Amino acid sequence: MELKTKIHAEDNKQEIQIVREFDLLVELVFRAYTESEIFEQWMGIKVLKMENTQHGSYLFETSDPQGNVVFSAHGTIHDLVPNQQITRTFEMKNAPFPPQFEFLTFEKLTDTTSKLTIHIIYKSVDYRDQMLKLPFAQGINKAHNRLQEAFK
């Protein structure tokens with residue numbers, strides 16, 4: 001099965017590009033990334049904090065059935081232009097990866113379609129390559145499939 005969310009990673013570079021086209025208005029895709037209730041729905045994660053302002057911050061986590069936190073991530077929002085872009089850091093707690101820098105660009109393609117491009121910069125090529133060895137592509141593709149379905 002072909003993944004609709006595409007991951008582009010050039011050799012010997014410390015960055016990746018994630019691109020997904022949606023059969024959704026650009027405003028809906030932007031809301032999916034900035035409204036905690038919608039974000040929780042398609043990401044399958046609990047939003048503890050989401051301050052979508054310049055210099056705001058966010059905190060997400062996932063717990064197992066016993067209530068133990070199994071994943072936690074946080075970051076700072078450096079810039080936010082409604083329906084156009086989000087610039088932020090992303091850091092996972094209790095993971096071997098340092099913070100990464102993310103540029104999310106939301107683009108209107110037609111009256112009913114849009115494109116999301118996420119440009120991620122890692123501290124090193126090695127950290128980027130380690131991330132790509134994880135089931136990262138399948139995970140983001142599944143999440144984006146849920147995002148597409150969230151507005152139907």
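Please keep in mind that the model is predicted. Nine aromatic pairs are counted here, and one aromatic cluster is formed by F30, Y33, F39, W42, Y58, F60 and F106.

**Aromatic pairs and the cluster**

- F39 and W42 make an edge-to-face pair, with 5.4 Å from centre to centre and 75° between the planes.
- These two residues are three apart in helix α2 (residues 36-43), so about one helical turn separates F39 from W42.
- Both F39 and W42 are buried.
- F97 and Y127 are also paired: their ring centres are 6.4 Å apart and the planes stand at 65°, which makes the pair edge-to-face.
- Because F97 is in the loop between β6 (85-92) and β7 (100-108) while Y127 belongs to helix α3, this pair ties together parts that are 30 residues apart in sequence.
- F97 has a relative accessible area of 11% and is therefore buried, whereas Y127, at 24%, counts as partly exposed.
- Y58, one of the cluster residues, has the charged end of R88 sitting over its ring, 5.5 Å from the ring centre.

**Helix α1**

- Helix α1 spans residues 26-34 and is mostly covered, with seven of its nine residues buried.
- The buried residues of α1 are V26, L28, V29, F30, A32, Y33 and T34.
- Among them, F30 and Y33 are also members of the aromatic cluster.

**R128 in helix α3**

- R128 is part of helix α3, which covers residues 125-133.
- With a relative accessibility of 3%, R128 counts as buried, because the cut-off for that label is under 20%.
- Apart from neighbours within four places in sequence, the contacts of R128 are A9, E10, D11, N12, K13, Q14, E15, I16 and Y122.

**D64 in the β4–β5 loop**

- D64 is placed in the loop between β4 (57-63) and β5 (69-81).
- At 23% relative accessibility, D64 counts as partly exposed.
- D64 and L80 are 16 residues apart along the chain, and 32 Å separates their C-alpha atoms.

Definitions and conventions: Residues are numbered from 1 along each chain as its sequence is written. This is a predicted model: local features need pLDDT of at least 70, side-chain atom pairs count only at pLDDT 80 or more; totals for chains, interfaces and linings use all residues. Side-chain values use heavy atoms; hydrogens and water are left out. Helices (H or I, at least four residues) and strands (E, at least two) are DSSP runs, numbered from the N terminus. Buried means under 20% relative accessible area, exposed over 50%, partly exposed in between (1.4 Å probe, protein chains only). Contact means heavy atoms within 4.5 Å. Rings of Phe, Tyr and Trp (its six-membered ring) pair if their centres lie within 6.5 Å; planes under 30 degrees apart count as stacked, over 60 as edge-to-face and the rest as tilted. A charge sits over a ring if NZ of Lys or CZ of Arg is within 6 Å of the ring centre and within 35 degrees of the ring normal.
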